[in-house]
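The sequence and structure come first.

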Amino acid sequence: MRWILSPGLMSLVLGYTLSQFYRAFLAVLSPTLGAELGAGPADLALSSGLWYIAFAAVQIPVGWALDRFGPRETVAVLLAFGGCGGALVFALAQEPWHIHLAMALLGIGCAPVMMGSFFIFARTLPPASMSAAGGAVVGIGSLGNMLGAAPLVWVINAVGWRAALAGLALVTLLVALAILALVRNPGKPAGQGRPARLRDLLAVRELRLILPLLGVTYAASACIRGLWAGPFLSEVYGAGDYLIGWVTLGMGLAMVAANLSVGWIVRLMGSDKRTSVANTVLLGLVLAGLWLGSGESLPLSGALLVMVCISDSSYSLIMSHGRAFLPHHLVGRGITFMNMVSISGVGIMQFLSRPVYLSAQASHPPAEAYGHIFLFFLVPLLIGLAFYLFSAENRHV
């Protein structure tokens, strides 16, 4: 894994760390934004969903840009304008809709960062190495989730949330400039035929049973870690910023550990598919525990929330699984299309979780209302798993 030490890939990992931060920090800010801007959980669910929808909406153009220009220019330009610009809008927000706009811009800015790394891996590494390489990047980048937990609370208490976001805008711009200076685009494959078309990608039959699970597997950890963990702990158990920060820090640590160990686990299990199935079953059991035990015990709920993120490595596993069936000329469009499916699933489910919460809140006490949220994430996961069980295997040993 010496490739990870190259300056270009390290700059992309820093960009992905910011991407992980921006998709997760609303959970910690939820009490503050509610008090200062009147943005309640339903408003923030919309804001969080807009991050993912905007992220997903530009994946096809990002795939085209990766094939046409390469990851260096694609990532640097979008991160500079969307990422830095979105953080500035957030820092200046006066109304909940300003947060909606800021999160949409941040989603656009973060959209190409992970795909830039995956594009380089797909062009330079054998398919069997994709899950380990992707897991390493996601694992290191998941430090952004940790920074968006307890450390963010400390910074906000020291300088205020507006100054913190303004500082993050400057950091985002500097990372974009580092990517522009340090990343080297991989060479295009020799003898490349006609340009890739979306219908060619949809004709890859092996993907059809993989995509349903890819579309829902990341939604549970992303939506719960990125938003619902904070209001759940606050409304059900009366938790404050610091306790929420420590629980979400634990969730971030779980993400890091899971993704950094994914390469070893795949070698042990023998394939991406087997590991993904085990991960999904574990996540289903954890969500069932949160659904049935909502409000029963703060330590138990905190432990289960952390365990939600232990299965976070399913994203890189399923991306690697699907990548194994892509012809070389479809790699750029293929990985961005799969990423679009994954992130679209997060955005759609975050949007849909808002009316689920509002409906449950109107007729149930907080613990039962949040139980409905956890059930909402469990059911699609089980449906996606049912399809995935029949997918083709890509063995590594």
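## Basis and helix H13

Helices (DSSP runs of H or I, at least four residues) and strands (runs of E, at least two) are numbered from the N terminus. Residues are numbered from 1 along each chain as its sequence is written. The model is predicted, with local features needing pLDDT of at least 70 and side-chain atom pairs counting only at pLDDT 80 or more, while totals for chains, interfaces and linings use all residues; side-chain values use heavy atoms, with hydrogens and water left out.

Leu227 has its place in helix H13. With a relative accessible area of 0%, Leu227 is buried, where buried means under 20% relative accessible area, exposed over 50% and partly exposed in between, with a 1.4 Å probe and protein chains only. Leu227 is 55 residues from Leu282 in sequence, and their C-alpha atoms are 21 Å apart in space.

Arg225 is also found in helix H13, and Arg225 is buried at a relative accessible area of 1%. A polar atom of the Arg225 side chain lies 3.3 Å from the backbone oxygen of Thr248. That distance can be read against the cut-off for a polar contact, a pair of N or O atoms within 3.5 Å; within protein, one must be able to donate a hydrogen and the other to accept it, and residues adjacent in sequence count only if both atoms are side-chain atoms. Between Arg225 and Thr275, 50 residues apart along the chain, the C-alpha separation is 22 Å.

## Aromatic pairs

How many aromatic pairs does a search of the whole structure find? The search finds 16. Rings of Phe, Tyr and Trp (its six-membered ring) pair if their centres lie within 6.5 Å; planes under 30 degrees apart count as stacked, over 60 as edge-to-face and the rest as tilted. The pair of Phe232 and Tyr237 is edge-to-face because the ring planes are at 80°, with the centres 5.8 Å apart. Phe232 is buried at 0% relative accessibility, whereas Tyr237 is partly exposed at 22%.

Phe232 and Phe374 form another edge-to-face pair, 5.1 Å centre to centre and 90° between the planes. This pair links distant parts of the chain, with Phe232 in helix H13 (residues 211-237) and Phe374 in helix H20 (residues 366-388), 142 residues apart. Phe374 is buried, with a relative accessible area of 1%. One aromatic cluster is formed by Trp228, Phe232, Tyr237, Tyr357, Tyr370 and Phe374.

## Largest pocket

Rolling a probe the size of a water molecule over the atoms shows where empty space is left. The search uses a 1 Å grid over the protein atoms alone: a cavity is a set of points where a 1.4 Å probe fits but cannot get out, a pocket is an open set with protein on both sides within 12 Å along at least five of seven lines, and lining residues have an atom within 4 Å of a point. Grid points are joined across faces, edges and corners, and a volume is the space filled by probe spheres set on the points.

The largest pocket has a volume of about 230 Å³. Its lining has 13 residues, of which Leu18, Phe21, Leu147, Leu168 and Val171 are the closest to the centre. Two or more lining residues come from each of helix H1 (7-24), helix H9 (143-147), helix H10 (150-159) and helix H11 (161-182). By class, the lining of the largest pocket has 11 nonpolar, two polar and no charged residues. In this scheme Ala, Val, Leu, Ile, Met, Phe, Trp, Tyr, Cys and Pro count as nonpolar, Asp, Glu, Lys and Arg as charged, and the others, Gly among them, as polar.

## Cavities

There are two cavities of 30 Å³ or more. The largest cavity has a volume of about 80 Å³. Of the 11 residues lining the largest cavity, Tyr16, Gln20, Arg23, Tyr218 and Tyr315 are the closest to its centre.

H1 and helix H19 (331-363) each supply at least two residues of this lining. H1 gives the largest share, three residues. The lining of the largest cavity has seven nonpolar, two polar and two charged residues.

## Cysteines and Phe55

With a disulfide taken as a pair of cysteine sulfur atoms within 2.5 Å, the count is zero. Cys84 is in no disulfide, and the nearest cysteine sulfur, that of Cys110, is 12 Å away. Cys84 is buried, at a relative accessible area of 12%, and Cys110 is buried at 0%.

Phe55 lies in helix H3 (residues 41-57) and counts as buried at 2% relative accessibility. Phe55 and Pro112 are 57 residues apart along the chain, and their C-alpha atoms are separated by 8.5 Å.
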